[in-house]
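Take a look at the structure below. We will go through it one piece at a time.

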Amino acid sequence: MVALSVLLALVGCGSSVSWELLKGDCRPTGEEIWYDGVDQDCDGNDDDQDGDGISVDEDCWDDPNDATFLADAVGSGLTLTAAEVFPGAEEAWYDGVDQDCDGASDFDQDGDGFESANDEQADGSVGDDCVDGGVNDEVFEDSCSGELITVDPEDAASVNPDAEDTFYDGVDQNCDGADDNDGDGDGYAVCDECDDADPETFPSDIPEVWYDCADQNCDGNDGDRDGDGYVDAEYTASCADWATINPGRPDNDCDDDDTTVNPAAEEGVGDGKDQNCDGLESCYDDDDDDGYRDDAGSVIASIDLDCTDSGEATASDPTGDCDDKNGAINPGGKEVCDASNADEDCDGKADNDDLPSTGTTRYYKDADGDTYGDVSDIGALRCDADTTYKVTNNTDCNDALQHQHRRHGDRRGRRRPELRQQRDLLYRRRQRRLSAEQHQHRQLVRQNCTDSGEAKSTEPTTDCDDSKSTVNPAPRSATPPTSMRTATGLRNDDSSVLSTSKLRYYRTPTATAMVTRPMEVRSDGTSTYSAATMMTVTTRSPRQTLASPQTRAGRRRQRL
């Protein structure tokens, strides 16, 4: 009946159907009509059009001509065929085609219910799962270490918008895009701030409240106010978490207001300050306790910080002590005359080389070396005799002669200087008068070539020894020249005027001065010069002069 009904229907539609079909027979060359329950081509298949072995009831895409199945396909999914899509087929993720016909999203590989945020769908949209187990999953960078972190595909389902974030592991488990190292969400990673559990604490310019065990501005310093790198010693006792709040800053700063004071500082000397915080002070050495330290700068350790104990000196104490074992010797001492020639005032000199000194004696000059000092010398204060001031007395009346000094004690010796002084005084007076007259004469005859040592061009030139007046070609005369015998009116001193008959002549053993002067006698007894008379005078060296034996002064001159 069924075959007959189908046949009638086909006939009614104008189709020609073989009568053999009605009999249940099939033809291998017949065209298959799919899914009609009849195997037209006799191949035993009426419900698996794509030939993938899966019937249409189980296969999500069995009709190759049904293009609507690829409506959501992207990329390589656009080239798929129906035979490649069936239950059990290998799924190709993120191509928009459900190859294994399981009905799950092709963009949720990890199956956590969230589609990939890194793979674009056919309409251009993406999901919100930052890690889906695919090759395009997000790679995280640790904001503190810089390390790149990739989530294993097996763990991809643990990363999705509904997951709970585990901070500081470098992975954004809830895919919110926030820094995994910023636990308090204040915008600063844990490595960039001091308290990642308090959103109100982060790096800023607010003033620090020192020693309160809280780093308000997150500069890593709450206990090092002077900034020398060491935390205040007392602060560490009151803040148990001081090492965390002040990373990299050791403790034991004994003066946190002075940058030059900390355990690593170099200890100063004698300044009353414990720079290295060891509780001790270094002092300069003053062994003799005289208030002066030596130039060598010797340093000793003190048991306290004041450097005022015995043997100690401060930096302000003066230097220059040349003998730090003797309290009487220092730059403030007084030079003392002593046998050891010690330099008591440390100026590099001693005794005679460092006058005035204490304990000096007055010494006098002794030119003749007879151990008696010159009576006219006022002397000088010395520690010891030297090459100039040799003796301690000044009793020598003649320091040019060794045999003449006060020790001899004879009257003749005492009178001799007085007589010598009188004689020299008379001689100087005579010489002044004589020199005045001779000077006046030389002024008159200066231009006539007749002065001492001068000669005219008419004079003979045969003198064989011009240094001696007694040696010359002229014969020697036993009597004085006429010009000398006829000279008149020569004033010799204040007592008389010489006449021609009263002249005496002396010849000097060392020099002869030839003086030619015209002379005349005035009515008042004085003399002057004229052109009428010429006189030649031979003078003697000191104590030898013209004199008249008839005058008192003349006789005295002859005796002298």
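**Cysteines and their links**

Start with Cys-383. Its relative accessibility is 9%, so Cys-383 counts as buried. The cut-off behind that word is a relative accessible area under 20%. Keep in mind that this is a predicted model.

Cys-383 has a partner. Together with Cys-337 it forms a disulfide, and the two sulfur atoms are 1.8 Å apart. The torsion about this S-S bond is about -65 degrees, so the disulfide is left-handed. Now find both ends in the chain. Cys-337 sits in the loop between strand S5 (312-313) and strand S6 (361-365), while Cys-383 sits in the loop between strand S7 (380-382) and strand S8 (389-391), so the pair ties together parts that are 46 residues apart in sequence. What about the cover on Cys-337? Its relative accessibility is 18%, so Cys-337 counts as buried.

Next, move to the pair Cys-60 and Cys-101. These two form a disulfide as well, with sulfur atoms 1.8 Å apart. The angle about the S-S bond is -60 degrees, and the link of Cys-60 and Cys-101 is left-handed. This pair links distant parts of the chain, 41 residues apart. Cys-60 and Cys-101 are each in the loop between helix H2 (19-22) and strand S1 (140-141).

Is Cys-60 buried or partly exposed? At 33% relative accessibility, Cys-60 is partly exposed. Cys-101 has a relative accessibility of 18%, so it counts as buried.

Now look at Cys-213 and Cys-239. Their sulfur atoms lie 1.9 Å apart in a disulfide. Which hand does this link have? With 65 degrees about the S-S bond, the link of Cys-213 and Cys-239 is right-handed. The two cysteines are 26 residues apart and join distant parts of the chain. Cys-213 is in the loop between strand S2 (148-149) and helix H3 (233-238). Cys-239 is in the loop between H3 and helix H4 (242-245).

The cover on these two can be read from their areas. Cys-213 has a relative accessible area of 30%, so it is partly exposed. Cys-239 has a relative accessible area of 1%, so it is buried.

How many disulfides are there by this rule? The count comes to 9. One more cysteine deserves a glance. Cys-397 has a relative accessibility of 42%, so it counts as partly exposed.

**The whole protein**

Step back now. The protein has 7 helices and 12 strands. It contains 560 residues, and buried residues make up 35% of them. Its accessible surface comes to about 33400 Å². Carbon and sulfur atoms account for 49% of that surface.

Contacts tell you how the chain meets itself. Take the contacts between residues at least 6 apart in sequence. Of these, 35% join residues at least 24 apart.

**How confident is the model?**

The protein averages a pLDDT of 77. A score of at least 70 is reached by 73% of the residues. Where is confidence lowest? It is lowest in helix H1 (residues 2-12), with a mean of 38. Confidence is highest in S1, at 95.

Two stretches call for care. Over residues 1-24, pLDDT stays under 50, and the model has 10 contacts beyond four places in sequence for them. Over residues 477-521, pLDDT also stays under 50. For residues 477-521 the model has 122 contacts beyond four places in sequence.

Key: Residues numbered from 1 in each chain as written. Predicted model: local features only at pLDDT ≥ 70, side-chain atom pairs only at ≥ 80, totals over all residues. Heavy atoms only, no water. Helix = DSSP H or I, 4+ residues; strand = E, 2+ residues; numbered from the N terminus. Buried < 20%, exposed > 50% of the residue type's maximum accessible area, 1.4 Å probe, protein only. Contact = heavy atoms within 4.5 Å. Areas by Shrake-Rupley, 256 points an atom, 1.4 Å probe, with all protein chains shown as cover. Disulfide = S-S within 2.5 Å. pLDDT = per-residue confidence, 0-100.
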